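Work through the following exercises with the sequence and the model side by side. Try each task before you read its solution.

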Amino acid sequence: QVQLAESGGGLVQAGGSLRLSCVASGSIFSASVMAWYRQAPGKQRESVAVITGGYMTSYADSVKGRFTISRDNGKNTVYLQMNSLKPEDTAVYYCYTDAPTQTGRVREWGKGTQVTVSS
């Protein structure tokens, strides 16, 4: 069973920074695609950043140049460094994986962590 546990959310003023972490268990982490999504109140969930097992990354246009996704395969952890935060970045941030396991491929979501940016 694949499980994801996010941490690092909180309240920050506009212009500030936060780093989110997501620890994965139950998957072959080094071969997993890891991603961060977010969902603001009244809006659809949207992709923020993705990192492949080969360390290729992609970002939503709205966060390019401000957010950085990275991974530490030794710790089964993916990070999202968020700088120059804006009030419009306020959302619940979810970790997502598309991962190989011993029994097949699995797609799984974390429970989310709240990020609130005050103006």
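In these exercises Ala, Val, Leu, Ile, Met, Phe, Trp, Tyr, Cys and Pro count as nonpolar, Asp, Glu, Lys and Arg as charged, and the others, Gly among them, as polar. The model is predicted, with local features needing pLDDT of at least 70 and side-chain atom pairs pLDDT 80 or more, while totals for chains, interfaces and linings use all residues. Residues are numbered from 1 along each chain as its sequence is written, and side-chain values use heavy atoms, leaving out hydrogens and water.

**Exercise 1.** Describe the lining of the largest pocket by class.

Solution. A pocket is an open set of points on a 1 Å grid over the protein atoms alone, where a 1.4 Å probe fits, with protein on both sides within 12 Å along at least five of seven lines, and lining residues have an atom within 4 Å of a point. Start with the lining, which consists of 13 residues, with Arg 38, Ala 40, Lys 43, Glu 46 and Glu 88 nearest the centre of the pocket. Sorting the lining by class then gives seven charged, four polar and two nonpolar residues.

**Exercise 2.** Decide whether Arg 66 is buried or exposed, and find its surroundings.

Solution. Buried means under 20% relative accessible area and exposed over 50% (1.4 Å probe, protein chains only). Arg 66 has a relative accessible area of 11%, and is therefore buried. Next, look for contacts (heavy atoms within 4.5 Å): leaving aside residues up to four places away in sequence, Arg 66 touches several residues, including Gln 81, Met 82 and Asp 89. Finally, a polar atom of the Arg 66 side chain lies 3.0 Å from the backbone oxygen of Ser 84.

**Exercise 3.** List the residues that Met 82 touches.

Solution. With residues up to four places away in sequence not counted, Met 82 touches Gly 16, Ser 17, Leu 18, Leu 20, Arg 66, Phe 67, Tyr 93 and Val 115.

How values were computed: A polar contact is a pair of N or O atoms within 3.5 Å; within protein, one must be able to donate a hydrogen and the other to accept it, and residues adjacent in sequence count only if both atoms are side-chain atoms.
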